[in-house]
Amino acid sequence: PAPAGIDPSGVTAWFATHVPAAEPPLAFRLIAGGRSNLTFAVTDRSGHRWVLRRPPTGHLLPTAHDMGREHRIISAVGPAGIPVPRALGYCDDPAVTGAAFYVMEFVDGHILRVEGDAAAAFDPAGRRRISEHLVDTLAALHALDPDTVGLGDLGRRDGYVARQLRRWYGQYCANRDEQDGPDVPDVDRVHDHLAARIPEQGPAGIVHGDYRLDNTVVAADGSVAAVLDWELCTLGDVLADVGQLLVYWAEPGESSVLAHTATTDGGFLTRAELADRYARVSGRSLDRLDYYVAFAYWKLACILEGVYVRYVRGAMGQDGFDFGGYPDMIRDLAGRASAAAERVA
């Protein structure tokens, strides 16, 4: 049987028109890892592979899970030199498989997700190269002119952090109050602290919104073959991406905010080295970096609140993942946000 969220006959008919090289019958497999939109590997009779992305099944928050937007972003940044999977088509007809979706090429390589993944595939020099290329790719994204690549109307440019604080706090409160999500007082306190101290935003750039090692495919030479998961991408303050990268980046001996990370294997750059390289390559000042780190911890707590509520409602598909520890993770993230926020004057 096909996984939840896939209508094999509808998708096969769509492929016949839009991906004529595909040879039916098509097989579908939910790819573990995506905890928001559902990501499926599609394999044809000859073993060729593609990737299909669609929203989770069930109740959705408004404005979230816009597949057309994601398809548009990778279609724009790819030709501008950012490594992304090639976009092959977008379908806005929910009759095909229950929701809008898009299809992109399958990029082969390593997704370094948990402890041991990096050590098994790369020597320490390779892990250093991965770190450097990850930073350089982010700086290249931030150097793009949104108007030049055709994304000038992707979102409002000014007041990015203020709008993010409003958006995620609103979603957190809705999930807490209407969907019985965990009540975490640190989320409220940090929101108020950060809202009163928003840094002045420089020129707006393209913000990925969830930039981290396991949202990339890494090639055998340690370069970034593809940046994935563009659903939170918008225009605004690009330094938010730097704060986000650092909160995901656990060093050896540390615990990761997401319970698992490949960066603890050793050989990677430290967080300080990552920040130094970004500042050097991008030419941007990181004087207010503590603010963006606190904001990233806080935002992640709000996001996980929503993921947890969707899990409880059964909207995330049945991939065997255990969400039982999420309330503790949300409290831990809010505590880390609070500690980081104390360094923000």
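Is arginine 277 buried or exposed, and what is its relative accessible area? Arginine 277 is buried, with a relative accessible area of 18%. Buried means under 20% relative accessible area, exposed over 50% and partly exposed in between (1.4 Å probe, protein chains only).

The model is predicted: local features need pLDDT of at least 70, side-chain atom pairs count only at pLDDT 80 or more, and totals for chains, interfaces and linings use all residues. Residues are numbered from 1 along each chain as its sequence is written, and side-chain values use heavy atoms, with hydrogens and water left out.

**View 1. Aspartate 136 and arginine 277 form a salt bridge.** A salt bridge is a side-chain nitrogen of Lys or Arg within 4 Å of a carboxyl oxygen of Asp or Glu. Here the closest N and O atoms are 2.9 Å apart. Aspartate 136 lies in helix 4 and arginine 277 in helix 8 (residues 271-282), so the pair ties together parts that are 141 residues apart in sequence. Helices (H or I, at least four residues) and strands (E, at least two) are DSSP runs, numbered from the N terminus. Aspartate 136 is partly exposed, with a relative accessible area of 25%.

View 2. Arginine 128 has 39% relative accessibility and counts as partly exposed.

**View 3. Tyrosine 169 and tryptophan 298 form an aromatic pair.** Rings of Phe, Tyr and Trp (its six-membered ring) pair if their centres lie within 6.5 Å; planes under 30 degrees apart count as stacked, over 60 as edge-to-face and the rest as tilted. A search of the whole structure finds nine such pairs. In this one the centres are 6.5 Å apart and the planes are at 35°, so the pair is tilted. Tyrosine 169 sits in helix 5 (residues 160-178) and tryptophan 298 in helix 9 (residues 289-312), 129 residues apart. Both residues are buried.

**View 4. Helix 1 (residues 8-18) has buried and exposed sides.** Gly10, Val11, Trp14 and Phe15 are buried. They cover an arc of only 135° around the axis, which puts them on the same side of helix 1. The arc is that of the directions from the helix axis to the C-beta atoms. Ser9, Ala16 and Thr17 are exposed on the other side.
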